[in-house]
Each structure stands twice: as structure tokens, then as C-alpha cells.
Amino acid sequence: MKSPYSNNDSVKVEQIKYDAESNEITFCFSSGESKSKFTTTAENKGGIKFISSSAELESFLMDLITKDPQVIRRLNKMTWDYIEGKDITFPIQLVP
């Protein structure tokens with residue numbers, strides 16, 4: 001089944017929640033009337049920063065890559081900016 005997000009013009013990150021104790025991240029996305037929430041973890045191993053991906057989050061992002069090949073890089077950057085305490089204002093346009 002195709003994601004409802006793959007047919008819409010834009011996808012926004014409405015919110016990112018981060019728990020420093022568990023390294024758990026929750027992403028809230030929206031596009032038009034559609035809303036989705038995904039939970040995963042962030043890790044920083046020896047200066048290499050990455051976000052683990054559940055099958056659901058990976059499928060969601062793969063649908064978006066067809067519209068914008070930079071979507072994963074952009075999501076990773078905004079997530080680490082948020083975790084590191086940089087000033088982030090939501091919602092953030094993920095896919096124009």
C-alpha cells in the first residue's frame with residue numbers, strides 16, 4: 001500500500017520529542033489531513049551520529065525519497081540540531 005504522503009505536495013515535521021535517558025525519539029509528521037507518528041532511537045558512537053530506523057519509518061522515508069532525494073539527510077540534520085539544543089521552530093518543511 002502506498003503512503004498517503006507520497007501523493008501530497010508537502011510533508012512537515014510537526015514535532016520531535018527526545019528522551020536523553022533512553023535516546024528515544026518520536027517524530028510527528030503531517031501532510032494535509034494525514035498525520036503520522038514514528039518512534040526510534042538516536043545514537044552517537046565515537047562521533048558518528050545516526051538515527052535508527054524502524055521498518056515503518058524506513059518505508060515512510062523511502063516513499064518521500066522519490067520526491068526529494070535529500071529527505072533523510074535533512075531529517076537527520078534537524079534531529080541532531082534538536083537533540084543538541086539548537087533553536088528549532090516547528091513545524092518544519094521536510095518535503096516541499
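In what follows, Lys and Arg count as positive and Asp and Glu as negative, while His and the chain ends are left out of the count. On that basis, this predicted model carries 12 positive and 14 negative side chains, and the centres of the two sets are 4 Å apart.

**Overall form**

The protein contains 2 helices and 5 strands. Along the sequence, these elements occur in the order β-β-β-β-α-α-β. The radius of gyration is 13 Å, close to the 12 Å that the globule rule gives for 96 residues, so the protein is as compact as a globular protein of that length. Along the principal axes, the C-alpha atoms fill a box of roughly 40 × 25 × 20 Å.

**Burial and surface**

Of the 96 residues, 34% are buried. Among contacts between residues at least 6 apart in sequence, 49% join residues at least 24 apart.

**Helix 1 and its surroundings**

Helix 1 spans residues 55–65, and its buried residues are L57, F60, L61, D63 and L64. Seen down the helix axis, these buried residues fall within an arc of 155 degrees, so they line one face of helix 1. In an α-helix there are 3.6 residues a turn, so residues three or four places apart point the same way. The cover over the buried residues of helix 1 includes the elements tabulated here.

| Covering element | Residues |
|---|---|
| Strand 1 | residues 11–19 |
| Strand 2 | residues 24–31 |
| Strand 3 | residues 34–45 |
| Helix 2 | residues 71–83 |
| Strand 5 | residues 92–95 |

Note on methods. Residues numbered from 1 in each chain as written. Predicted model: local features only at pLDDT ≥ 70, side-chain atom pairs only at ≥ 80, totals over all residues. Heavy atoms only, no water. Helix = DSSP H or I, 4+ residues; strand = E, 2+ residues; numbered from the N terminus. Rg over C-alpha atoms; globule rule 2.2 N^0.38 Å. Buried < 20%, exposed > 50% of the residue type's maximum accessible area, 1.4 Å probe, protein only. Contact = heavy atoms within 4.5 Å. Charge placed at Lys NZ, Arg CZ, Asp CG, Glu CD. Arc of directions from axis to C-beta.
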